[in-house]
Amino acid sequence: MPDTRICASCGRTITWRKAWAGDWEQVRWCSGACKRRGLRPADRELEERVLAAAGRTRRFPLAGVTGDREDVRRAARRLAAAGRVRWTQKGHPVDPSTARGDVEITAL
């Protein structure tokens, strides 16, 4: 049955593919790069920094969290998938998997 999943590493949406029909239940990663990278202790620490920054104000620009930009976005996407933060642009909710440019996050 086709459906979607969230990548355990980057937090992006994984869409069902026919090639995965036999082992869809085991799919955890969107790419080989995410599988090799996995989840590191530093990634969990970054998630905590994102949550702390988002908890201080109503909406927080994601660019304000110190660290590598893509690592910060990965952490915020995982948090959004877990239902802990919401991504917005100009006050409107956006999909973390497809959002481009500057975004703000709100702790839920």
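Cys7 is buried, with a relative accessible area of 2%; buried means under 20% relative accessible area, exposed over 50%, and partly exposed in between (1.4 Å probe, protein chains only). The structure is a predicted model, in which local features need pLDDT of at least 70 and side-chain atom pairs count only at pLDDT 80 or more, while totals for chains, interfaces and linings use all residues. Residues are numbered from 1 along each chain as its sequence is written, and side-chain values use heavy atoms, with hydrogens and water left out.

The closest cysteine sulfur to that of Cys7 belongs to Cys10, at 3.8 Å, which is too far for a bond. Cys30 is partly exposed, at 23% relative accessible area, and its sulfur is 3.6 Å from the closest cysteine sulfur, also in Cys10, again too far for a bond. Zero disulfides (pairs of cysteine sulfur atoms within 2.5 Å) are found in the whole structure.

Nonpolar cores were defined as sets of buried Ala, Val, Leu, Ile, Met, Phe, Trp, Tyr and Cys residues joined through side-chain atoms within 4.5 Å. The largest has 18 residues, of which Val50, Leu62, Val65, Val72, Val85, Trp87 and Ile105 touch the most other members. Two or more residues of this core come from each of α2, α3 and β4. A second, separate core of seven residues includes Cys7, Trp20, Val27 and Cys34.

Helices (H or I, at least four residues) and strands (E, at least two) are DSSP runs, numbered from the N terminus. Among the buried residues of α3 are Val72, Arg77 and Leu79. Their cover includes α1 (32–37), α2 (41–56) and β4.

Eight salt bridges were counted, each a side-chain nitrogen of Lys or Arg within 4 Å of a carboxyl oxygen of Asp or Glu. Arg78 and Glu47 form one of them (2.6 Å, N to O). Because Arg78 lies in helix α3 and Glu47 in helix α2, this pair ties together parts 31 residues apart in sequence. Both residues, Arg78 and Glu47, are buried. Arg59 pairs with Glu104, the closest N and O atoms being 3.4 Å apart. Arg59 is partly exposed, at 40% relative accessible area, and Glu104 is partly exposed at 25%. Thr88, in strand β4 (residues 85–89), is in contact (heavy atoms within 4.5 Å) with residues including Arg59 and Glu104.

Terms used:
Lists of a residue's contacts leave out its neighbours within four places in sequence.
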